[in-house]
Amino acid sequence: MSGELERFRYDDDVVRKFVAATLLWAVVGMLVGLILALQLVMPALNFGPWFTFGRLRPLHTNAVIFAFAGNALFAGIYHSSQRLLKTRMFSDALSRFHFWGWQAIIVSAAITLPLGFTQGKEYAELEWPIDIAIAVVWVAFAVNFFGTLAKRRERHLYVAIWFYIATIITVAVLHIFNNLAIPAGALKSYPIYAGVQDAFMQWWYGHNAVAFFLTTPFLGMMYYYLPKAAERPVYSYRLSILHFWSLVFLYIWAGPHHLHYTALPEWASTLGMLFSVMLWMPSWGGMINGLFTLRGAWHRVAQDPVLKFFVVAVTFYGMATFEGPLLSIKSVNSLSHYTDWTIGHVHGGALGWNGFLAFGMIYWLAPRLFQTKIYSKKMMEFHFWTGTIGILIYIISMYVAGITQGLMWRAFNADGTLKYDFMQSLIKIIPMYWFRAFGGLLYITGVIVGVVNIALTWASRPKVYEDKEIEAPALKPITAPDPEPPSPLKESGAHVVQIAYKLERFIEGAWHRTWERLPLTFSVMVGVAVVVASLFEILPTFLIRSNVPTIASVEPLTPLEQYGRDIYISDGCYNCHSQMVRPIRMETERYKPDFSKPGQLTYSLPGEFVYDHPFQWGSRRIGPDLHRVGRKYSHDWHWDHMMNPRSKLKKSMMPPYDYLFRDPIDFSAITDHTAALVKVGVPYIRYEVENADKLALWQAKKVAGELTKLLKAQNRRVPPNLQTKKIIAVIAYLQRLGTDIFRGPKDIVRPWLDPKWRREIKLSQPGGKD
């Protein structure tokens with residue numbers, strides 16, 4: 001029921017702002033991606049420490065996901081929501097706060113990540129002050145959106161609004177609970193989760209960030225902009241209901257499939273696989289709903305570049321949502337995991353689905369936002385074809401590279417020895433890395449042409465935009481349910497027929513139409529679906545101790561080793577190296593320590609990671625796994641390798657880390673870091689916390705002394721004040737990695753636990769005299 005006509009104007013200014021930001025960050029994010037692709041084939045392009053692959057890759061992923069795709073989805077939500085709800089946004093001030101706050105967050109990420117301030121968790125690298133800012137801005141966005149729902153002039157919520165509601169609620173839950181951490185400094189923190197639990201929470205977040213930041217909002221935009229561009233209604237209302245609720249409930253379970261064959265409990269990864277496979281059906285339901293919307297309009301696709309972008313975007317959505325469940329199957333995952341196959345998969349989704357849907361939307365919006373004709377249709381066509389060809393070259397090269405890596409890693413000779421070493425598999429795929437760089441170059445060329453086209457369209461705008469006044473009837477309170485449509489079944493008095501009538505109404509979605517009139521009820525149901533599904537996996541992982549059996553010989557890292565680990569995380573080493581030897585023969589043979597005994601377990605065990613805040617299992621191997629690297633090489637080998645990787649491995653892609661040989665250890669920070677780790681559950685004794693800096697110096701002198709002997713034996717120069725350099729902390733950490741389960745009773749890693757040692761050893765003050 002509706003009341004008298006009310007007049008209002010849409011707020012398109014904030015939409016224009018988000019569109020401009022989308023285009024800016026598209027160029028920045030993809031340009032960084034192109035640089036990264038070139039760094040893999042031309043290591044000299046690494047300029048350390050700020051512009052190395054390990055530090056730039058998180059910048060690239062954050063720029064593409066949260067800056068480019070984020071601004072695109074905000075533009076689409078702000079524009080379509082106002083039209084679908086027939087009202088202006090709840091608060092212009094909140095809209096502006098959202099826009100400028102989000103850009104400030106992106107800029108802060110662009111500054112802090114190259115400087116090495118990171119949590120070391122994929123897609124969640126930003127440190128705690130920025131995380132708080134994200135939560136504040138997201139809450140402002142949520143208040144603005146739900147406030148707009150409350151004052152809407154359209155009773156029923158269209159399908160796009162359902163997906164926007166799911167996005168806002170779920171992203172808030174994911175962000176808050178994955179980023180719970182204890183600060184250890186202005187831009188340093190440690191997550192409250194460790195090891196297996198941290199890995200589970202991270203991929204609960206990571207997989208569902210893809211689901212609810214890169215999928216659900218873009219599906220909402222597809223359901224609005226594709227029918228608008230095609231001038232056709234959505235193919236099936238009932239299919240959209242099935243699509244929506246299946247995604248909301250099933251997606252949240254699927255994260256553990258990223259951790260097959262790791263130290264995660266097998267029940268969790270198997271559950272993730274099952275739900276991932278089930279996701280294929282509703283995902284393709286959405287693709288079918290999108291493509292079938294074009295029924296009767298396919299002849300227009302050849303002439304309309306906007307429809308071309310949408311068709312390819314929806315097609316890539318279908319490809320990605322078929323490939324995702326395929327890669328979640330354990331037998332396939334054992335081959336694909338840690339390889340470039342995964343890189344091809346995620347870029348097919350990001351560039352094909354998100355990228356093309358965003359550009360299609362912007363091209364459709366531009367004439368309406370800027371109230372002028374698009375500058376050049378030919379430039380749109382050029383953008384489309386260069387982008388499409390670029391994506392195909394990119395993903396095909398990565399599929400070839402990934403399958404080649406997986407097969408070479410698992411190849412054995414007839415005598416049972418490994419057929420290829422790691423470097424041979426890396427050298428083999430270098431040509432594919434060149435193809436990837438070329439594909440990326442084509443894609444970003446299309447993007448730049450598109451940005452120029454939109455900029456020239458903007459330049460031809462009128463001096464003053466026409467701000468049309470809209471009329472719509474106000475909503476009156478609901479006094480009665482919607483009248484039921486006539487049905488022959490309803491008129492019958494037979495009990496069986498009445499049941500058939502109710503079933504007919506259910507299948508038609510009558511129950512859902514009731515929910516669509518009640519946005520609060522609808523939102524609560526979405527929240528319940530997400531939270532309940534999450535808790536079914538999270539609670540057993542945390543509460544059942546047998547999921548992470550402890551190991552008596554595993555102790556926390558020493559303060560110096562922990563400082564070395566912090567450097568490892570800061571430099572983004574997890575972007576190239578894993579720390580997880582899976583219980584697969586190809587890995588246990590390749591990575592077993594030289595000092596392990598026959599028959600001894602050499603794969604990674606859950607109890608080895610109980611003090612790891614954060615976990616560092618990685619998701620890709622451009623370099624070999626490092627979990628069993630401890631004591632494998634001498635101190636001077638690590639020294640030479642970090643100074644010039646190609647002095648040890650001629651074809652290595654690793655950049656040099658010469659700054660580690662110059663920069664001093666910040667002993668004053670070590671005490672604060674140790675105290676913060678105690679707060680998250682690492683069992684350091686009081687003596688360790690109070691003397692962390694001194695203990696670190698004591699161990700640094702010990703490691704430096706051992707290194708000095710090795711260097712002098714080779715008649716090599718020993719730098720002054722060696723014990724104060726960061727390289728010593730890194731060497732100490734690398735030499736400890738994965739060795740605890742092989743320690744004997746006489747292998748003491750924290751001698752200060754013995755009161756006698758504390759009485760006899762006189763510790764030096766860092767920066768003072770011995």
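Student: How is E154 to be classed by its relative accessibility?

Tutor: Relative accessible area sorts residues as buried (under 20%), exposed (over 50%) or partly exposed in between, with a 1.4 Å probe and protein chains only. E154 counts as partly exposed because its relative accessibility is 27%. This is a predicted model, in which local features need pLDDT of at least 70 and side-chain atom pairs count only at pLDDT 80 or more, while totals for chains, interfaces and linings use all residues. Residues are numbered from 1 along each chain as its sequence is written, and side-chain values use heavy atoms, with hydrogens and water left out.

Student: Which side chain does E154 meet in a salt bridge?

Tutor: A salt bridge is a side-chain nitrogen of Lys or Arg within 4 Å of a carboxyl oxygen of Asp or Glu. E154 is paired in this way with K86, at 3.2 Å from N to O. The pair links distant parts of the chain, 68 residues apart: E154 lies in the loop between α4 and α5, and K86 in the loop between α2 (53-85) and α3 (92-112). Helices here are DSSP runs of H or I with at least four residues, numbered from the N terminus. K86 is partly exposed, at 31% relative accessibility.

Student: Where do E706 and K702 lie?

Tutor: Both belong to helix α26 (residues 692-713), four residues apart, about one turn of the helix. The structure holds 37 salt bridges.

Student: How is the size of an interface often given?

Tutor: It is often given as the accessible area lost when the parts come together. Here the buried area is that loss for two parts, summed over both, with a 1.4 Å probe. An automatic or database domain assignment divides the chain into domain 1 (5-459), domain 2 (486-547) and domain 3 (559-760). Between domain 1 and domain 2 about 2,800 Å² is buried, and carbon and sulfur atoms give 72% of this area. H156, Y237 and W245 supply 21% of the area that domain 1 buries against domain 2, more than any other three residues.

Student: How many salt bridges and polar contacts join domain 1 and domain 2?

Tutor: The salt-bridge count between domain 1 and domain 2 is zero. Seven residue pairs are in polar contact across the interface, both residues at pLDDT 80 or more. A polar contact is a pair of N or O atoms within 3.5 Å; within protein, one must be able to donate a hydrogen and the other to accept it, and residues adjacent in sequence count only if both atoms are side-chain atoms.

Terms used:
Helices (H or I, at least four residues) and strands (E, at least two) are DSSP runs, numbered from the N terminus.
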